[in-house]
Amino acid sequence: MNLQELKRNLTIPVIGSPLFIISTPDLVIAQCKAGIVGSFPALNARPAEMLEQWLIRINTELDEYNRAHPERPAAPYAVNQIVHKSNDRLEHDLAVCVKYKVPLVITSLGARDDLNDAVHSYGGMVLHDVINQKFAHKAIEKGADGLILVASGAGGHAGVQSPFALVQETREWFKGPIALSGSIASGESVLAAEAMGADFGYIGSAFIATREANAADGYKSAIVDASAGDIVYTNLFTGVHGNYLRPSIVAAGLDPDNLPESDPSKMQFGSGGSGKSKAWRDIWGCGQGIGTLHDIPTAGELVARLTRQYDSARARLGLAVQQREAA
């Protein structure tokens, strides 16, 4: 798969980011049918044997949809693999993805050339998420096809660099596919990502507050009620710095303004936290872009809204250009 093929069936240049616990086949299928890349972390399928069942269902339902809608086929989907030594399922999950020829694999927290080679063996594409140029260069050297630039303000594990700096510096040396993550929750911000040089907006938090998302009602409501000021950046819960919703930290009995530092060498996924509170389940990841979210629509309704906003912004920009040229 190349960039043109990845974009072919998109209604808007967006990749729905893989959300731990939250992204399941229900959400992925709805995203793909609506015209954006849907994705999920392989670790969401538990036990490990369930991953094959999920891929069979996704492939089957999207194939059926495509046969019924040849004029508007579904977008491709992606599976996220955590390439960290703590993930003892990686080899199993990768083999299943190769078996079912997952179109797009998103890798995180480690780059491996053998994994990239395995995905390339059947024509798949690999995007690797990074927070700075050091990791970006390493990912491409290891054979990744493209990059997901995780800028300041992104939900969950996130970097601290401005999206302007991150995209500009990357485009100085890399011409391949780039998705930008960080406070993108509207069609206007997707267009802005493209204007900076990215090929896709990478949207996660907005899809937590959709009906198909496997998130608690309180989590969805908290996103609708919150804004950028309610996001706390800390490494306490998993060992990796990330952004979380302030109300969930308070509910866990912690002071969001006085959180201790965690030991990065003791990285955890899905089990970090204080006492009985666990990262992602009780401590809710979220990005800074949520101030524009005011309801809990279906994933299809959200994509349609993003598309209208995107098209309207493009039209306004085109008109502004025409007016400037006529002046």
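## The sheet

Two strands count as paired if DSSP finds at least two bridges between them; strands (E, at least two residues) and helices (H or I, at least four) are DSSP runs numbered from the N terminus. Here, in a predicted model, eight strands make an open sheet with parallel pairing, in the order β1-β9-β8-β6-β5-β4-β3-β2. The edges belong to β1 (14-16) and β2 (38-41), each with a single partner strand, so one side of each has no neighbour in the sheet.

Look inside the sheet and you'll find β5 (residues 125-130) pairing with β6 (residues 146-150) in the parallel sense over four bridges. Asp129 sits opposite Ile148 in β6.

## Helix α12

Now for α12 (residues 299-326): its 28 residues reach 41 Å from first C-alpha to last, close to the expected 40 Å, where the expected span is 1.5 Å times one less than the number of residues.

Its buried residues (under 20% relative accessible area, 1.4 Å probe, protein chains only) are Ala299, Leu302, Val303, Leu306, Thr307, Tyr310 and Ala313. They pack against α2 (25-34), α8 (187-196), β9 (200-203) and α9 (205-208), with contact meaning heavy atoms within 4.5 Å.

## About the model

Residues are numbered from 1 along each chain as its sequence is written. As this is a predicted model, local features need pLDDT of at least 70, side-chain atom pairs count only at pLDDT 80 or more, and totals for chains, interfaces and linings use all residues, while side-chain values use heavy atoms, leaving out hydrogens and water.

How values were computed. Buried < 20%, exposed > 50% of the residue type's maximum accessible area, 1.4 Å probe, protein only.
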